[in-house]
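Thanks for making the time this morning.

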Amino acid sequence: MDFTPSEEQAAAQGLAARIFGDLSTHERLTAAGTGTDAELWKELCAAGLPAAVEDVGLLGLVLVLEEQGRTTAQVPLAATCVYGLLAVAEHGTPEQRDRLLPGLRDGTAVATGAFPARGGVHIAEDGALYGAVPWVPWLRDATHVLVADAERGLWIVRTGEPDVTAVPVETTAPWSAGRLVLDGVRGERLGNGQPGVYRDVLATARTAFAGLQAGVCAGSLARAVHHTVTREQFGRPLSTNQGVLLRAADAHMDTEAIRVTAYEAAWRHDERRACEAQALTAAWWASEAGKRVVHAGQHLHGGTGADLDHPVHRHFLWGRQLDAYLGCGGEVLEELGLLLAHSSQEGAS
């Protein structure tokens with residue numbers, strides 16, 4: 001395995017780091033509230049970052065999302081790329097690719113996903129979709145939603161349809177989320193209903209959001225390091241305290257574990273190798289280790305970390321949201337165990 005970024009991947013990551021670093025400031029995030037930074041989204045699309053995902057692959061997307069996570073930039077980049085660009089490019093019909101990809105590339109269309117499938121959406125005998133999904137990230141911005149039904153079929157639904165209702169809801173992280181209600185809408189099946197598409201899209205999503213979590217954790221840790229180096233207690237920096245050093249070191253190792261498992265899953269995906277187990281592994285680390293890191297980042301700030309308006313608190317909220325999104329640690333671990341057990345049984349037979 002070689003996770004060294006290609007020239008194109010490194011360029012995309014560098015461009016993302018510059019744009020997020022320049023525009024996703026604490027002041028702009030505060031002004032955005034729980035919604036999207038529309039101007040930042042326009043800047044990203046004008047720079048061609050969403051469109052570049054088709055060229056740089058899932059590993060390139062993970063690198064870009066790391067940079068978003070460092071600044072907790074409030075834009076629907078992960079959702080649009082995973083549930084829109086990559087899903088349609090890899091599994092859509094030629095007609096769907098021609099019709100949907102241009103808008104997703106230039107940002108005039110925004111996609112999200114009602115994932116994972118939890119039995120909330122059902123298909124009636126006439127083929128219409130009914131049901132509700134309690135919350136969908138970035139639904140308030142989306143023009144298209146990739147809906148997973150109870151049978152794990154995937155449907156592209158336009159949010160502007162009269163039988164589709166998006167009710168704004170507030171979640172831990174400010175992801176412009178909403179409750180999706182489908183009342184007899186006619187969805188468009190993604191591709192030709194090939195088997196395994198749901199599992200592939202879910203594995204892609206878990207890998208991408210693990211990359212986002214790696215960035216969130218790296219940003220939290222960087223803020224904690226800066227605080228403990230510059231803040232003095234009893235005449236010396238907090239960072240000279242052994243307890244602080246050990247807590248920060250553990251957080252660093254956890255962050256690296258999230259990053260490297262996400263890289264492996266993304267690399268295997270791009271190389272067209274089996275990656276479902278690796279995606280679950282990355283998701284487990286993102287959930288369990290991510291939770292530890294953002295708690296450590298807040299605790300290392302002392303009383304300052306309890307301030308809801310402090311930038312580190314935003315990392316804490318994102319980290320906890322990503323801990324549960326697409327499956328919490330215990331749920332993902334159970335799924336991984338079942339997958340490995342099934343693979344072992346197939347190998348024995």
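This is a predicted model: local features need pLDDT of at least 70, side-chain atom pairs count only at pLDDT 80 or more; totals for chains, interfaces and linings use all residues.

Residues are numbered from 1 along each chain as its sequence is written, and side-chain values use heavy atoms, with hydrogens and water left out.

Along the principal axes, the C-alpha atoms fill a box of roughly 75 × 55 × 40 Å. The chain holds 11 helices and 10 strands, which are DSSP runs numbered from the N terminus, helices being H or I with at least four residues and strands E with at least two. Of the 349 residues, 52% are buried, where buried means under 20% relative accessible area, exposed means over 50%, and partly exposed lies in between, with a 1.4 Å probe and protein chains only.

Now to the charges. How many salt bridges does the chain have? The count comes to 17, a salt bridge being a side-chain nitrogen of Lys or Arg within 4 Å of a carboxyl oxygen of Asp or Glu.

One of them pairs Arg 99 with Glu 188, at 2.5 Å from N to O. This pair links distant parts of the chain, since Arg 99 sits in helix H6 (residues 94-106) and Glu 188 in strand E8 (residues 188-189), 89 residues apart. Arg 99 is partly exposed at 41% relative accessible area, and Glu 188, at 24%, is partly exposed as well.

In helix H9 (residues 276-299), Lys 291 and Glu 288 stand 3 residues apart, about one helical turn, and their closest N and O atoms are 4.0 Å apart in a salt bridge. Lys 291 is partly exposed at 24%, and Glu 288 is partly exposed at 22%.

Elsewhere, salt bridges that share partners join Glu 66, Glu 67, Arg 70, Glu 256 and Arg 259 into one network. Within that group, Glu 256 and Arg 259 approach to 2.1 Å between their closest N and O atoms, and both belong to helix H8 (residues 242-270). Glu 256 is partly exposed at 32%, whereas Arg 259 is buried at 13%.
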